[in-house]
Amino acid sequence: MIKVVLLGAGNVAFHLAKAFLRSDQIQIIQVFNRSEDAFSFFPNSLSTTTSLSKILDADCYIISISDDSINEFSATLPFSNKLVVHTSGSVAMNQLHSKNRRGVFYPLQTFSKNTEVNFAEIPVFVEAETKTDLQLLQKMGRSISKKCFEINSEQREKLHLAAVFVCNFVNHLYHIGYELATENDIPFELLMPLIKETARKLDDGIPSTMQTGPAKRNDKKTMAKQLEILHLQEHKEIYSLLSNAIANHYGRKKL
Ligand SMILES: NC(=O)c1ccc[n+]([C@@H]2O[C@H](COP(=O)([O-])OP(=O)(O)OC[C@H]3O[C@@H](n4cnc5c(N)ncnc54)[C@H](OP(=O)(O)O)[C@@H]3O)[C@@H](O)[C@H]2O)c1
């Protein structure tokens with residue numbers, strides 16, 4: 001069994017813990033977090049600590065804390081020459097302190113504690129400084145997912161940027177759509193078949209071949225009317241920016 005200590009108890013650590021508990025190759029021997037509160041989400045069977053000095057001896061330490069704290073936190077670990085990885089999409093492997101053997105274990109999905117995920121379908125991207133450590137991370141990745149890939153920090157940075165566009169930005173657009181619908185007494189759920197079909201269509205082709213809408217068709221009167229209906233300046237700016245980007249891509253004239 002590969003002995004793992006989770007360092008951090010947020011969304012990703014929570015879902016990794018659930019996946020590792022189902023794996024017959026990984027044993028979570030401890031979860032560390034700087035505060036007690038987050039442990040309440042984890043199974044009682046797991047050993048926990050808030051003290052860095054009480055961290056147990058493991059084969060792999062997984063730092064799953066906010067991106068900006070990874071560098072500093074890795075320097076505070078009271079051991080050296082151990083395999084220490086982080087789970088971030090955009091932090092380079094060499095941001096981890098060099099007193100330990102460094103690596104990355106990045107699962108590409110949007111994780112929230114209150115939402116179930118099927119880890120078997122989540123791509124896990126691994127990176128390590130040595131072949132032996134890479135093989136260990138691949139073994140861990142393959143024990144919880146059908147999709148485990150090796151990529152370097154530069155590729156992962158671009159992958160994460162792509163993820164910000166297709167997940168975080170799209171979700172904010174859902175939010176604007178939610179507000180527009182509910183402000184006008186239209187249940188948001190009526191938009192769900194459209195949302196699902198837009199994503200499903202990507203099984204049939206690349207995004208640019210699936211684009212529809214007023215900007216693609218160059219329906220200027222419709223776009224001018226919709227711009228007028230929007231009452232928040234920020235929403236008008238987003239509408240114009242995205243419509244112009246679509247118009248540009250398909251060789252149409254800008255708004
Ligand atoms: N959420 C996602 O969808 C997702 C997907 C893939 C990868 N990731 C990556 O996974 C990592 C964790 O993300 P998350 O969404 O799980 O974060 P999160 O739910 O916001 O949890 C943040 C964790 O970081 C700890 N923390 C924050 N600052 C710290 C510091 N200075 N020292 C020690 N611990 C600190 C927090 O401890 P307290 O409980 O004490 O505040 C908490 O355990 C990030 O690198 C993120 O980029 C996230």
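This is a predicted model: local features need pLDDT of at least 70, side-chain atom pairs count only at pLDDT 80 or more; totals for chains, interfaces and linings use all residues.
Residues are numbered from 1 along each chain as its sequence is written.

**Around the ligand**
- The ligand is surrounded by 22 residues, and the closest are Gly 10, Val 12, Ile 65, Ser 69 and Ser 88 (a residue counts if its C-beta atom, placed from the backbone, lies within 6 Å).
- Helix α1 (residues 11–22) gives the largest share of this shell, three residues (helices are DSSP runs of H or I with at least four residues, strands are E runs of at least two, and both are numbered from the N terminus).

**Strand β4 and its partners**
- Strand β4 (residues 60–63) is covered on both faces: Cys 60 and Ile 62 are buried on one side, Tyr 61 and Ile 63 on the other.
- Strand β1 (residues 2–7) pairs with β4 in the parallel sense over four bridges (pairing takes at least two DSSP bridges), and Leu 6 stands opposite Ile 62.
- Strand β5 (residues 83–86) also pairs with β4 in the parallel sense, over three bridges, with His 86 opposite Ile 63.

**Helices α8 and α9**
- Lys 221 sits in helix α8 (residues 220–229), and its C-alpha is 10.0 Å from that of Leu 255, 34 residues away in sequence.
- After helix α9 comes Gly 251, with a positive phi near 70°.

Definitions and conventions
A residue is buried if 20 or more other C-beta atoms lie within 10 Å of its own, exposed if 12 or fewer, and partly exposed in between; C-beta atoms are placed from the backbone.
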